[in-house]
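Please open the model in a viewer and keep the selection panel at hand.

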Amino acid sequence: MWGVAASGFQSEGHSPDSNWTRYIHAGKTEQPIGNSVDFRHRYRSDIALAKDLGVKVYRVGIEWARVQPTPGKFDPAAWAYYDDVINSIVAAGMRPMITIDHWVYPGWVAGRGGWNNAAITGQWLHYARAVVDRYAATNPLWITINETLMYVINEVRHGGLPVTATGAMMDRLVTVHRNIFDYIHGKQPGAKVSSNVAYIPTAESAIDTTYLDRIADKLDFVGIDYYYSIAPSDLRAINAATGKMWDASIAADGIYYALRHYARKLPGKPLYVVESGMATENGKPRADGYRRGDHLADIIYWVQRARADGIPVMGYNYWSLTDNYEWGSFAPRFGLYTVDARTDPSLRRKPTDAVAVYRNIISRGGVGRDYRPTRPAQVCSLADAPSSCAEPVR
């Protein structure tokens, strides 16, 4: 399943009161969001861009803060907007992948303590069940909660959660995922449900114990987000944590080891690369000379190598269709189509070199048997140490 991905808050603009608008207003971010890339009013043309690529999956998010701006009351106009988004994706011949929670919750929930308040589990499930009731008939793929580890980290970083409550938040995320997984299957027979993991090189085995291991029996597939690599000779991945994502190491072969990690951990469980991409700084060339199109083709090569080796990869989403607000700044650009949200009032979608590359990959069903990566495999990748060094792929 070839796809593209986006989130609600990052791309929609016209943001209602939420934990994240409060972080921005409190000066906790580098830049304000403004109206971002205005997906709220340009979704039909963005969906048309995705259709033109040939993708069959379009990942979008439903924003809790938008559909339930006040306690206990849903907004019919917000539902109508999301109805048209989802129906437009289906009409374009694509399958929606719906994210229920992509790190954003209503301001009224934030005012009551957010994930530090035990009452949030009931509030979250009331909202999530309404989303499922409304869209299960469109046969979407489901992501319940996006990158739980990074969700917790960002809540602490921006002041939405005391560090002493991180365990309680993770416990509550486990509870709501397990509950809504069963609810989805009750409404949508044959549903495919996951909660995607932000794969952290070298550390994932330990990180899995905090969340993934506790929901493994409630996953129809493993959703994996893979961006950064690490090796003894290149430790620049730390730049991803400091906001300089464009200076982080991104050796493409690391995705093979991330996939192999989960194929061994959960034998027989399908794997889906829910997010993968490459950052540039405000659209400028990267210091390492890696072009978006080359990186995309290299990533797909290693995904195909994994499939050829029997690893059950079922899909790949590129993050993202357009540039958007990267949780505090517009400087990191990931889009197939670049958008200068800071200085271009027209918010024109300009194709990068990766548009033609991805369209060709999709039409051919891959990079082709004769393709070889533009960058060599790392001598000792630490993506899944020690096995990625002891059992290298070439």
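The model is predicted, so local features need pLDDT of at least 70 and side-chain atom pairs count only at pLDDT 80 or more, whereas totals for chains, interfaces and linings use all residues. Residues are numbered from 1 along each chain as its sequence is written, and side-chain values use heavy atoms, with hydrogens and water left out.

**Stop 1: the largest pocket**

Select Met150, Tyr228, Ala240, Ala241 and Met245, which lie nearest the centre of the largest pocket among its 39 lining residues. A pocket is an open set of points, on a 1 Å grid over the protein atoms alone, with protein on both sides within 12 Å along at least five of seven lines; lining residues have an atom within 4 Å of a point. The volume of this largest pocket is about 1000 Å³, a volume being the space filled by probe spheres set on the points, which are joined across faces, edges and corners.

Next, colour H8, strand S7 (222-226) and helix H12 (238-241), the elements that give two or more residues to the lining of the largest pocket. Helices (H or I, at least four residues) and strands (E, at least two) are DSSP runs, numbered from the N terminus. H8 gives the most to this lining, with four residues. The lining of the largest pocket comprises 22 nonpolar, ten polar and seven charged residues. Here Ala, Val, Leu, Ile, Met, Phe, Trp, Tyr, Cys and Pro count as nonpolar, Asp, Glu, Lys and Arg as charged, and the others, Gly among them, as polar.

**Stop 2: the second largest pocket**

Move to Asp234, Ala251, Arg375, Pro376 and Gln378, which lie nearest the centre of the second largest pocket, lined by 22 residues. Its volume is about 340 Å³.

**Stop 3: the largest cavity**

Four cavities of 30 Å³ or more are found in the whole structure. A cavity is a set of grid points where a 1.4 Å probe fits but cannot get out. The largest cavity holds about 90 Å³ of space. Select Thr148, Leu149, Val197, Glu204 and Ile207, the closest to its centre of the 13 lining residues. Helix H8 (148-157), strand S6 (197-198) and helix H10 (204-208) each give two or more residues to the lining of the largest cavity.

**Stop 4: a buried aspartate**

Select Asp344, in the loop between strand S12 (337-338) and strand S13 (350-351). A salt bridge is a side-chain nitrogen of Lys or Arg within 4 Å of a carboxyl oxygen of Asp or Glu. Show also the backbone nitrogen of Arg348, which lies 3.2 Å from a polar atom of the Asp344 side chain.

**Stop 5: salt bridges**

The whole structure contains 21 salt bridges. Select Asp213 and Lys265, whose side chains meet in one of them (2.9 Å, N to O). Asp213 lies in helix H11 (residues 212-215) and Lys265 in helix H13 (residues 254-265), so the pair ties together parts that are 52 residues apart in sequence.

Finally, select Asp340 and Arg333, a salt bridge whose closest N and O atoms are 3.7 Å apart. Asp340 is partly exposed at 26% relative accessibility, whereas Arg333 is buried at 8%.

Definitions and conventions: Polar contact = N/O pair within 3.5 Å; in protein donor to acceptor, adjacent residues only side chain to side chain. Buried < 20%, exposed > 50% of the residue type's maximum accessible area, 1.4 Å probe, protein only.
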